[in-house]
Amino acid sequence: MSSRTKRIKKTSWGTRERAGMSFLLVVAFFAVFGLIILTEVLMIDDRGRAGSIIVRHGSNGGRFGESVPDYDDVKDDYLDDTGIFVRETKYGGTAVKNILKNQKDLKNSIGISVLTDSAEPRNPPIVPWGQMLPSKIEQTLPRFPADMKPTDGSWEIVNGTRYKFFVFSAFYDRRDGKLVRVIGATKTRGPEKVWCRFWYQTGVNSTKYRSASVMARVKIIRENWNLKYSACFILCPIRGPYPEIPHAVSVVSKIRAAPGNVLMLRNTDNDPDFTNRTFSNIPNSIGVCVKPLHFNYDQALYLLEFLELNNLLGVSHFTFYNHTIGPKASCVLQHYVNGDLPQHIAPYEDASPPKAPNSSALDTTDAPIHMPTKYNEDNTAQLKPKITVNIMPWNLRMRSQKEIRTEGLFASLNDCLYRSMYRYSHVALIDLDEFIIPHHNDTLIDLITWLSKRINNRNTGAYSFQNAFFYLQFADDELMYTGSEKQANLRSALTTQRKTRRRSKLHPQKQRSKYICKPEAVIEAGNHFVWEFCPGRGSLNVPADAAILHHYRVCEFGGDDCIKTPSLVDRTAHRYSKRLLDRVGTVYNYLKETCSLPDIPRAPTKPPPTRKKELKIRIPLKPEGDKKVTESNKPQPNAAATDASQGPATVPVEVILKTR
């Protein structure tokens, strides 16, 4: 065989081999592609059966980009056929009584696949949410755990789930039907099915309980940024043989397993704080909900400013969620919780209020009443308004920003919403660095009353306020350094008095805005706006000339570039200067030694300027070509020989560009 024939055969074999490899690669590609499509179809089908929700989030920027608008307007893609309220037309009346009879061998199938700890069959029977277990089966379930006391405001585990599942609190929602609403946190997509076990006391002070179990529905709270876990509602309708309100509830994943949690039911006659109020007879009052305090927050003086200024604005109650809080701030809050505060407010520069004893926890029920002082006679000292504070522990065992959004803040916001229901007419959901400041009214209640006279707000469920950034990099206000030295020192330490320059352009509504809502009108609260109202209720966008949200913070993206934005001076908060200084100064002096508060720094003689950046550029300046060299500027003979070949000399000029 010739060498040419051998080369032809070798080339032919190589071509066939390459063709075979290409064919295999194409087949492998389509096989992988088909597998991906099949997996997506199965996941969508599984999510559809589990009732999970795909949440929309901002598409621009990173997942945690604070500058991105959080969400668009609420659409109907989140609602289902039953809505949020329990309606007897869905699984009520005769349908509930006969639903077991209409399923073939349901009793046996429940006994095998639902009521045992063995592995479930591939196609278990469908149990609709809201369905009660028959009383005969209920009697065979585990009894009330005698070694567990009902908890309220504590993260408890749901036993037997594949993924993390925790519950925090339970509320009786009587706005439309009878519903138990549990605040929890679980898997965002495809949450696992759970049951609610209601516990009823057999006597007034009895320690024995009877039970009733219902299939619950897990509703994911929308604002979760597509992370693995999310805050959620567990919805449990009250039906069946015991239609009265239960004393407590347990959330279980396996109906035969012993409960791992027992939650006390709030907003009922069993609640010691509940006084059978209806929405019509709740007096005008405002509570504030603050998201979990984290990063070892310990700014005690600013915390005093936050509490006292909001109290001047008409807020009477504060709910905090303690994730990680420092010792000084914790001491200050504990004195507000105990009511251990000075009873009178005296002018800060003239009076020396009594100091608190060296004790962190005091009982003031039998404390002597202070006699009026000389400051009361001319109305220069006032009786300090009562401020109530509630601190909830926040030990959610999920990694913040990796597994769940910002310490599960949406669970805290909705817990505070339902915790405030039937107690306060309005609730403000704001952060520690934010204040809602009215322009024409003294308090927020006055503002709401003023708005109601000008705008028909009969169907208003929330009042939304536009956000204004008061960047901390802006220069301090020069007017604050007037007055006595002692007063100037305290005033320069208060953020709302020191920082009066803000960004000119306000954020549009629903972007960094905050709101005051009527709790009974809201079903699901969000961070910047209400996600879901009761039917017929909506949000009112408050005009910027009536009130705005003062937001005191550093630049969003780090550095000092934010100070280049157009700005203006807004001294609206200075309307409260005198009263704020007196209140903060009185409480500060009272708690300084007890809480080891730092000394108030001395105010500078003049306000520091706004931070500026200087950019230095050296620009070579060439002489004009047509300019003749004068006799005085002619080069020397020895220099001419040296630089004759270099042409005219260049002179470096330094130009400084200042940016503000």
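Where is Phe30 found? Phe30 sits in helix 1, which covers residues 3-50. Helices here are DSSP runs of H or I with at least four residues, strands are runs of E with at least two, and both are numbered from the N terminus.

Hi everyone, a quick word on ground rules. What you see is a predicted model, where local features need pLDDT of at least 70 and side-chain atom pairs count only at pLDDT 80 or more, while totals for chains, interfaces and linings use all residues. Residues are numbered from 1 along each chain as its sequence is written, and side-chain values use heavy atoms, leaving out hydrogens and water.

Back to Phe30. Its relative accessibility is 53%, so Phe30 counts as exposed. In this talk, buried means under 20% relative accessible area, exposed means over 50%, and partly exposed is in between, with a 1.4 Å probe and protein chains only. Together with Val26, Phe29, Phe33 and Ile37, Phe30 forms a nonpolar patch on the surface, with about 520 Å² of accessible area together. Patch members have over 30% relative accessible area and no salt bridge; nonpolar side chains (Val, Leu, Ile, Met, Phe, Trp, Tyr) are joined within 5 Å, and like charges within 9 Å. The areas come from the Shrake-Rupley method with a 1.4 Å probe, and for residues only the protein chains shown count as cover.

Now the aromatic pairs: the structure holds 19 of them. One is Phe29 with Phe33, a stacked pair at 6.4 Å centre to centre and 15° between the planes. Rings of Phe, Tyr and Trp (its six-membered ring) pair if their centres lie within 6.5 Å, and planes under 30 degrees apart are stacked, over 60 edge-to-face, and the rest tilted. Phe29 and Phe33 are four residues apart in helix 1, so about one helical turn separates them. Phe29 is exposed at 53%, and Phe33 is partly exposed at 46%.

Next, let's look at strand 10, residues 286-289. Are its faces covered or open, and by which residues? Both are covered: Ile286 and Val288 on one side, and Gly287 and Cys289 on the other, are all buried. Strand 10 runs parallel to strand 11 (residues 315-322), joined by four bridges, and also parallel to strand 15 (residues 426-429), again with four bridges. Strands pair if DSSP finds at least two bridges between them. Cys289 has a bridge partner on each: Thr319 in strand 11 and Leu429 in strand 15.

Finally, salt bridges. Side chains of opposite charge can pair when their charged atoms come close. A search of the whole structure finds 26 salt bridges, each a side-chain nitrogen of Lys or Arg within 4 Å of a carboxyl oxygen of Asp or Glu. In one of them, Glu403 meets Lys164 at 2.9 Å, N to O. That pair links distant parts of the chain, 239 residues apart. Glu403 is buried at 9%, whereas Lys164 is partly exposed at 30%.

Lys219 and Glu532 also meet in a salt bridge, at 2.8 Å, N to O. Lys219 lies in strand 6 and Glu532 in strand 22, so this pair ties together parts that are 313 residues apart in sequence. Lys219 and Glu532 are both buried.
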